[in-house]
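Work through the following exercises with the sequence and the model side by side.

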Amino acid sequence: MERTGCWSSVTRVLLTYEQVRAYGLPATEGKSGDPRWPAFARRYGFDIERPVQWEVEALEPDELQRLVLAAVDPYIDRDVLARQVTREEEQRRALADFLGSWGPTA
């Protein structure tokens, strides 16, 4: 929030340490200059001198998609979404009609 100045709140979507443990994701060597590492290391009992990190890409794609969709679902305005889907379907039909009106080319 501080960096952007445009959000009133931020909800962490991925990747929490609890998820790392639950999914058994492998750790890789972390960035030694990451200023967030010391606090994270102290909080979860890691060696401050040996930063590690986990990549969200290590999750199975279907599971990653499920987690992201579950995280954004509460923020979706279903009425707006339905109107947008209808609009896109109308645009697809209009485009198909337009392309169909050209007929075969020689």
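This is a predicted model: local features need pLDDT of at least 70, side-chain atom pairs count only at pLDDT 80 or more; totals for chains, interfaces and linings use all residues.

**Exercise 1.** Determine which element supplies the largest share of the nonpolar patch.

- Begin with the members, which are Val13, Val68, Leu69, Val72, Ile76, Leu81 and Val85, a nonpolar patch on the surface with about 490 Å² of accessible area together.
- Next, assign them to elements: those that give two or more residues to the patch are helix 3 (61–72) and helix 4 (78–100).
- The largest share, three residues, comes from helix 3.

**Exercise 2.** Classify Val68 and Ala71 as buried, partly exposed or exposed.

*Solution.* The cut-offs needed here are under 20% relative accessible area for buried and over 50% for exposed, with partly exposed in between.
- Val68 has its place in helix 3, and because its relative accessible area is 34%, Val68 is partly exposed.
- Ala71 has its place in helix 3 as well, and since its relative accessible area is 24%, Ala71 is partly exposed.
- A further point concerns Ala71 and Thr11, which lie 60 residues apart in sequence while their C-alpha atoms are 8.7 Å apart in space.

**Exercise 3.** Identify the residues of the largest nonpolar core, and list what Leu15 is in contact with beyond its neighbours within four places in sequence.

*Solution.* In soluble globular proteins, nonpolar side chains tend to be buried together.
- The largest nonpolar core in this model has seven residues, namely Leu15, Tyr17, Val20, Leu25, Trp54, Leu59 and Leu67.
- Once the neighbours within four places in sequence are left aside, Leu15 is in contact with Val20, Leu25, Trp54, Glu55, Val56 and Leu59.

**Exercise 4.** Describe the order of the elements and decide whether the protein chain is a compact globule or more spread out.

*Solution.* The elements are taken before the overall dimensions.
- The protein chain contains four helices and two strands, which run α-β-α-β-α-α from the N terminus on.
- The radius of gyration is 23 Å, well over the 13 Å that the globule rule gives for 106 residues, so the protein chain is more spread out than a compact globule.
- Taken along the principal axes, the C-alpha atoms fill a box of roughly 70 × 40 × 25 Å.
- Buried residues make up 12% of the 106 residues, and the protein chain exposes about 9200 Å², of which carbon and sulfur atoms supply 54%.
- Among the contacts with a separation of 6 or more, 52% are accounted for by residues 24 or more positions apart.

Note on methods
Residues are numbered from 1 along each chain as its sequence is written. Side-chain values use heavy atoms; hydrogens and water are left out. A nonpolar core is a set of buried Ala, Val, Leu, Ile, Met, Phe, Trp, Tyr and Cys residues joined through side-chain atoms within 4.5 Å. Buried means under 20% relative accessible area, exposed over 50%, partly exposed in between (1.4 Å probe, protein chains only). Contact means heavy atoms within 4.5 Å. Patches are made of residues with over 30% relative accessible area and no salt bridge: like charges are joined within 9 Å, nonpolar side chains (Val, Leu, Ile, Met, Phe, Trp, Tyr) within 5 Å. Accessible areas come from the Shrake-Rupley method with a 1.4 Å probe; for residues, only the protein chains shown count as cover. A salt bridge is a side-chain nitrogen of Lys or Arg within 4 Å of a carboxyl oxygen of Asp or Glu. The radius of gyration is taken over C-alpha atoms; the globule rule is 2.2 Å times the number of residues to the power 0.38.
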